[in-house]
Amino acid sequence: MNESEVRSRAYAMPLTSPAYPVGPYRFCNREYLIITYRTDPKKLRELVPEPLQIEGDVVKFEFIRMPDSTGFGDYTESGQVIPVSFQGRKGSYTHCMFLNDHPPIAGGRELWGFPKKLAQPTLKTEIDTLVGRLHYGLLQIAVGGMGYKHKQADLAEVSASLAAPNFLLKIIPHVDGTARICELVEYHLEDVDLKGAWTGPAQLVLASHPLAPLAELPVLEIVSGIHIVADLTLGLGKVVHDYLA
C-alpha cells in the first residue's frame, strides 16, 4: 500500500477495517429521557472548562435509546449535560457519557471528542413509568424515572433546545502521552424531525463510583422531566477554541 493510498483511506482506525463508516450519521426514533436537576454551582464551576460559562446551577441527566443509527447500530447511552454559554450563545456542554456499543464510542471520541466510556445503560417503559438505568460493571450508579406521557410538552420549546449548540472538550494524546489535540468543539443536531415530547413527574438517584463520578454533581432538587422522540442527523463539528494555540 503506497503513501497516497494510506492518506486516502485514513479516516478512522484500524486502517483496513475502520471501527465506523464515514458519515453523515442519521438516527431514527431516537428516544430521550432527560431529567433536569439543581446541583452545587461550585462543583459546576470546577468541572466546566473555560472559556465556557455555566448558566445557573442545573444539570441535565440524559438516557438516550438509539434503536436505528447509521453505522453504529442499536445502542443506548446516558450521561450528564451542563447548560453553558460561549461568547454569549447559550448551549450545552457534555460532561460525561456512558454507552454499550464500541463503534459510537470510538467514533464519538475520535471525531467530535465525546467523553464516552463503556457501561450498560437502559431505557424502557415499565407499566406507567419511563425508566432509565445505568450500570458500570455490576454496580447501578444511576436510576431515573418519569411518569409516562403525562402531559404534552411545548414542541416549539423542545425544537429550540434541540437546535442549540453543543460543546465538547476533545483531547487526543501524542505518542509521548502529552496532549497533541486539546480543543473546544461545537456541533449541532441537524434535519430534526420531532415526533413527540411529553413531560411528567420525575426522579433521579445517583451513586458514587471511582471511575464514573456522577455523584460529584449531587441531586439537590428535581426541576423537570421530559421524554422526546425524534429523527435527526448528528452533524460533524468545528473547532471554536484551541487550548494549545
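A: P24 counts as exposed because its relative accessibility is 63%, where exposed means over 50% relative accessible area, buried under 20% and partly exposed in between (1.4 Å probe, protein chains only). The model is predicted, so local features need pLDDT of at least 70 and side-chain atom pairs count only at pLDDT 80 or more, while totals for chains, interfaces and linings use all residues. Residues are numbered from 1 along each chain as its sequence is written, and side-chain values use heavy atoms, with hydrogens and water left out.

P24 belongs to the loop between α1 (3-9) and β1 (25-38); helices (H or I, at least four residues) and strands (E, at least two) are DSSP runs, numbered from the N terminus. Residues up to four places away in sequence aside, P24 touches T70 and T233, a contact being heavy atoms within 4.5 Å. From P24 to G71 the C-alpha to C-alpha distance is 9.4 Å, although 47 residues separate them in sequence.

Two strands pair if DSSP finds at least two bridges between them. β1 pairs with strand β15 (residues 221-234) in the antiparallel sense over 12 bridges, and Y32 stands opposite I228 in β15. β1 also pairs with strand β3 (residues 58-69), again in the antiparallel sense, over 10 bridges. Within β3, F61 is the bridge partner of I35.
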